[in-house]
Number of protein chains: 2
Amino acid sequence: MAKSCYVAYQGEKGAYSEEAIIQCFGSEVDTCGFETSEEVVEAVQANKAEFGFLPAENSIAGTITQTYDLLLESKLTIVGEYYFRIHHNLLALPGVSITEITNVYSHPHALAQCQQFLKKYSLKPLPEWDTAGSARKIRQENLLTSAAIASKRAAQIHNLQVLFESIEDVSHNTTRFFILGKGEVARAEKSKTSILFSVRDTPGALLHCLEVFATYGLNLTKIESRPERNRPWHYIFYLDFEGYIEDPPVEQALVQLLKRALFVKVLGSYPEGALPEWQKT
Amino acid sequence: MAKSCYVAYQGEKGAYSEEAIIQCFGSEVDTCGFETSEEVVEAVQANKAEFGFLPAENSIAGTITQTYDLLLESKLTIVGEYYFRIHHNLLALPGVSITEITNVYSHPHALAQCQQFLKKYSLKPLPEWDTAGSARKIRQENLLTSAAIASKRAAQIHNLQVLFESIEDVSHNTTRFFILGKGEVARAEKSKTSILFSVRDTPGALLHCLEVFATYGLNLTKIESRPERNRPWHYIFYLDFEGYIEDPPVEQALVQLLKRALFVKVLGSYPEGALPEWQKT
């Protein structure tokens, strides 16, 4: 791993993750893409990148369990969260018009999310590895009768024109990203804390643990259970709640939780991200 | 929708879902595949199929939120659950040997889960819509130097040979399916009940709801929160617990829950499925 950059992500240049990083950190940010999420975590751990940027949940697909599985085992902490609204775009070589296009390449999920648009223009969807790679393919193979569904950032990188913007059928497609790092973060005006914990699968065990948050007036914003692999009757819970790790009620709640749970792991305490569009009225 | 069958699923013949149905209902079962999960639900609602068979969660990908979203809005109930262990296989035309193969087609997820195997034999992974369609492609286009990663059922349907079995890198890949129907199910030796409910996002609101299950000694086996679309500060919870809907403690708990939650929807009360392999010691 020779790469060295500021923010590491999974994917190639022009991936939605990279577009999200630029929106979050600004256009001057130095990014590097890795093939897998594991490599992103390794890059930050090995000081090859300052931060890792991984999806935590998506409004369509739900929780990205792979990211949580990595957090369970890594020493990195969540130092921030960022909500990113994904818009799909139809990209083609400059000068090509929509009437000349017959095939559209993209990741199966992106193609599925633009079904109505594709039908309207009688375009044939063809599956590819990912959205950014589809844009690269159009340029590399000089495809004059094909288009790609990808980010605007991918159009910029591969010098393609954006034929149509926001072609998705779905009215909401927001990804919540975790910004992963090594340090601790100061208290923000509104902080959120993420933890993992495990309980024995006996009636009331989870409730017994959750009680501590109510006792100290801490509002839960996410809860999810997951059976532990190879350990029957053990569950892992992902929990987010409002509050900073050094707030006395948070400290007290965690101390009480430690007495009741099988184990507790604090994933991070970080500034609350701006509410996504799809959650606003 | 002219099709009429016993069990409807999403995908085409040879999809892992169809393989799971056969394992669950027996080889004589009459199945029909639909393009989308919505169509599966519609087929059952319109009496075009007796049951729908949709994935609820997967040990790698987590909860299939799309299925829950459909359950939230449909009138179908969960009449059963089934755990299915997914094994990937390398399929090729009869007579072709592994040394002749250069390309391997499949869904990107399946290809990603067999990375080590593909590297070992220097096979080039190529993305396709789905696993069963990749098998069909090998046969239809008579590809003599390509293989597909798909189910054994797909090999049987498209008259392909299984060159290698269980080629996945991951040691666990289990999908929990919901069997959806219109009727109610009798009490089983061990029954499980699935519900959805919504609470206002105030400190302690969720806990206040969960208390009722502890009060009546009901063991929770799954809990998951999801922000409601377009309704800030409202969350929907998916909850599974042990017990049958007509058991007095279950009835009592639900009555109490109705007083505390914004709404409650019973998704079904059904026999508990056999524990998946990856949860056994």
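**Figure 1. The open sheet of chain B is built from 5 strands.** The strands follow the order S8-S7-S9-S6-S10, and their pairing is mixed (strands pair when DSSP finds at least two bridges between them). At the edges stand S8 (124-127) and S10 (161-164) of chain B, each of which pairs on one side only. From one strand to the next, the twist averages 40° (angles run from 0 to 180 degrees between N-to-C directions, with axes as lines fitted to C-alpha atoms, for helices over the stretch in contact). This is a predicted model, in which local features need pLDDT of at least 70 and side-chain atom pairs count only at pLDDT 80 or more, while totals for chains, interfaces and linings use all residues. Residues are numbered from 1 along each chain as its sequence is written, with chains lettered from A and ligands numbered from 1 in the order in which they are written.

**Figure 2. One edge of the chain B sheet is seen with the helix that packs on the sheet.** Strand S6 (residues 89-92) of chain B meets S10(B) through 3 bridges, in the antiparallel sense. To find your way along this pairing, look for Ala92(B), whose bridge partner in S10(B) is Gln161(B). Helix H6 (residues 131-140) of chain B packs on the sheet and touches S6, S7 (103-106) and S9 (146-150) of chain B. The direction of H6(B) makes about 155° with that of S9(B). Helices (H or I, at least four residues) and strands (E, at least two) are DSSP runs, numbered from the N terminus.

**Figure 3. Chain A carries an open sheet of 5 strands with mixed pairing.** Reading across it gives S8-S7-S9-S6-S10. S8 (124-127) and S10 (161-164) of chain A are at the edges with a single partner strand each, so one side of each has no neighbour in the sheet. The average twist between one strand and the next is 40°. S6 (residues 89-92) of chain A runs antiparallel to S10(A), and 3 bridges join the two. Here Leu91(A) stands opposite Val162(A) of S10(A). Helix H6 (residues 131-140) of chain A lies across S6, S7 (103-106) and S9 (146-150), running at about 155° to S9(A).

**Figure 4. Helices H8 and H9 of chain B pack against each other.** The axes of H8(B) (residues 205-215) and H9(B) (residues 248-260) come within 9 Å and cross at roughly 170°. That angle makes H8(B) roughly antiparallel to H9(B) (over 145 degrees counts as roughly antiparallel, under 35 as roughly parallel, 65 to 115 as roughly perpendicular and the rest as oblique). From H8(B), His208(B), Cys209(B), Val212(B) and Phe213(B) meet Ala253(B), Gln256(B), Leu257(B) and Arg260(B) of H9(B) (contact: C-beta atoms, placed from the backbone, within 7 Å). By class, this contact has 5 nonpolar, 2 polar and 1 charged residues (Ala, Val, Leu, Ile, Met, Phe, Trp, Tyr, Cys and Pro count as nonpolar, Asp, Glu, Lys and Arg as charged, and the others, Gly among them, as polar).

**Figure 5. Helix H8 of chain A packs with H8 of chain B.** H8(A) (residues 205-215) and H8(B) pack at about 150°, and their axes are 10 Å apart. This makes H8(A) roughly antiparallel to H8(B). The crossing is left-handed (the near helix is turned anticlockwise from the far one by less than a right angle; clockwise would be right-handed). Leu207(A), Leu210(A), Glu211(A) and Ala214(A) make the contact from H8(A), with Leu207(B), Leu210(B), Glu211(B) and Ala214(B) from H8(B). These residues divide into 6 nonpolar, no polar and 2 charged.

**Figure 6. Helices H2 and H3 of chain A cross in a right-handed sense.** H2(A) (residues 37-45) and H3(A) (residues 65-73) pack at about 35°, with 10 Å between their axes. Ser37(A), Glu38(A) and Val41(A) of H2(A) are in contact with Gln66(A), Thr67(A) and Leu70(A) of H3(A). Here the residues comprise 2 nonpolar, 3 polar and 1 charged.

Notes:
Contact = placed C-beta atoms within 7 Å.
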